[in-house]
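User: I have a chain open on my screen and would like to talk through how it is put together. Could you walk me through it, starting with one residue and its surroundings?

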Amino acid sequence: NVISSRGMLSGDEEICNLCGSLASMLRYTTNTKERNATIQEELYYVEKYCYLLKSRYSHKIEVEIVIAEDMKKIVIPKMVLQQIIENCVEHGFCEDMLVLEIGVRGERIKEGWQISIRDNGNGFQEEKIEELYQLFQLIEDQLNNEEELYESEIGGMGLANSYARMFFMFGKQFFVITF
């Protein structure tokens, strides 16, 4: 609010908009009452996050989001989409790239529904992909074993955290995204 007030006093509307988006994101991420959100709610905050990204990277980032209308009421864990988009920026963006392009697509498929998030970055090394699949399997094993569930330490890595929360919510109905 202090920064936004200073922006208003100096007539800098962009500062006010940035503060509004950041405040909105902070309220969403720190709200511990609600652990889940509809895809529509999640997209609202993803758009706030993308606004902040575009403000930081200016013309070096483009984000396109296309989600089927009939998927927007599906409930997923909060912050899953944002974490994966953040991962695209953190690991896919190279300083020599002209533009980092991120595409988010959601559609109904034969097995249910699918969300894919892609970028035009360098991609993962084969070793990292194998490491992630092993980590995903470990997470599944821990979440399927009640004794280990209480002792699980899943965190740190955005993809692992997102995978764990999606698997916890959807169980065997959830399957991993491919890299």
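Analyst: Let us begin with Glu-140, which is found in helix H5 (residues 126-144); helices here are DSSP runs of H or I with at least four residues, strands are E runs of at least two, and both are numbered from the N terminus. This is a predicted model, in which local features need pLDDT of at least 70 and side-chain atom pairs count only at pLDDT 80 or more, while totals for chains, interfaces and linings use all residues. Residues are numbered from 1 along each chain as its sequence is written, and side-chain values use heavy atoms, with hydrogens and water left out.

User: Is Glu-140 buried or exposed?

Analyst: Glu-140 has a relative accessible area of 16%, so it counts as buried; buried means under 20% relative accessible area, exposed means over 50%, and partly exposed is in between, using a 1.4 Å probe and protein chains only.

User: And what is Glu-140 in contact with, leaving aside its neighbours within four places in sequence?

Analyst: With those neighbours left aside, Glu-140 is in contact with Tyr-163, Phe-167 and Lys-172, where contact means heavy atoms within 4.5 Å. The side chains of Glu-140 and Tyr-163 are joined by a polar contact of 2.3 Å; a polar contact is a pair of N or O atoms within 3.5 Å, and within protein one must be able to donate a hydrogen and the other to accept it, with residues adjacent in sequence counting only if both atoms are side-chain atoms. As for Phe-167, its C-alpha atom and that of Glu-140 are separated by 7.1 Å, although the two residues are 27 residues apart along the chain.

User: How many aromatic pairs does the structure hold?

Analyst: The structure holds 6 aromatic pairs; rings of Phe, Tyr and Trp (its six-membered ring) pair if their centres lie within 6.5 Å, and planes under 30 degrees apart count as stacked, over 60 as edge-to-face and the rest as tilted. One of them is formed by Tyr-44 and Tyr-45, whose ring centres are 4.9 Å apart with the planes at 90°, so this pair is edge-to-face. Tyr-163 and Phe-167 form a stacked pair, with 6.2 Å centre to centre and 10° between the planes. Together with Tyr-133 and Phe-136, Tyr-163 and Phe-167 form one aromatic cluster.

User: What else is buried in H7, and what do those residues pack against?

Analyst: The buried residues of H7 include Leu-159, Ala-160, Ser-162, Ala-164 and Met-166, and the buried residues of this helix pack against strand E3 (75-77), H4, E5 and H5. H7 has 13 residues and reaches 18 Å from its first C-alpha to its last, close to the 18 Å expected at 1.5 Å a residue, the expected span being 1.5 Å times one less than the number of residues. After H7 comes Gly-171, whose phi is positive, near 55°.

User: Switching to H2: what caps its N-terminal end?

Analyst: Asp-12 caps the N-terminal end of H2, with a side-chain oxygen 3.2 Å from the backbone nitrogen of Glu-14. H2 covers residues 13-30, and among its buried residues are Cys-16, Cys-19 and Tyr-28. The buried residues of H2 pack against helix H1 (2-9), strand E1 (36-38), helix H3 (39-57) and helix H4 (80-92).

User: And how do strands E4 and E5 run?

Analyst: E4 (residues 100-109) and E5 (residues 112-119) run antiparallel and are joined by 8 bridges; two strands pair if DSSP finds at least two bridges between them. They form a hairpin with 2 residues between them, and Glu-107 stands opposite Gln-114 in E5.

User: Last one: what does the secondary structure of the chain come to?

Analyst: The chain comes to 7 helices and 5 strands, and along the sequence these follow the pattern α-α-β-α-β-β-α-β-β-α-α-α. Of its 179 residues, 36% count as buried, and the C-alpha trace spans about 55 × 40 × 35 Å along its principal axes.
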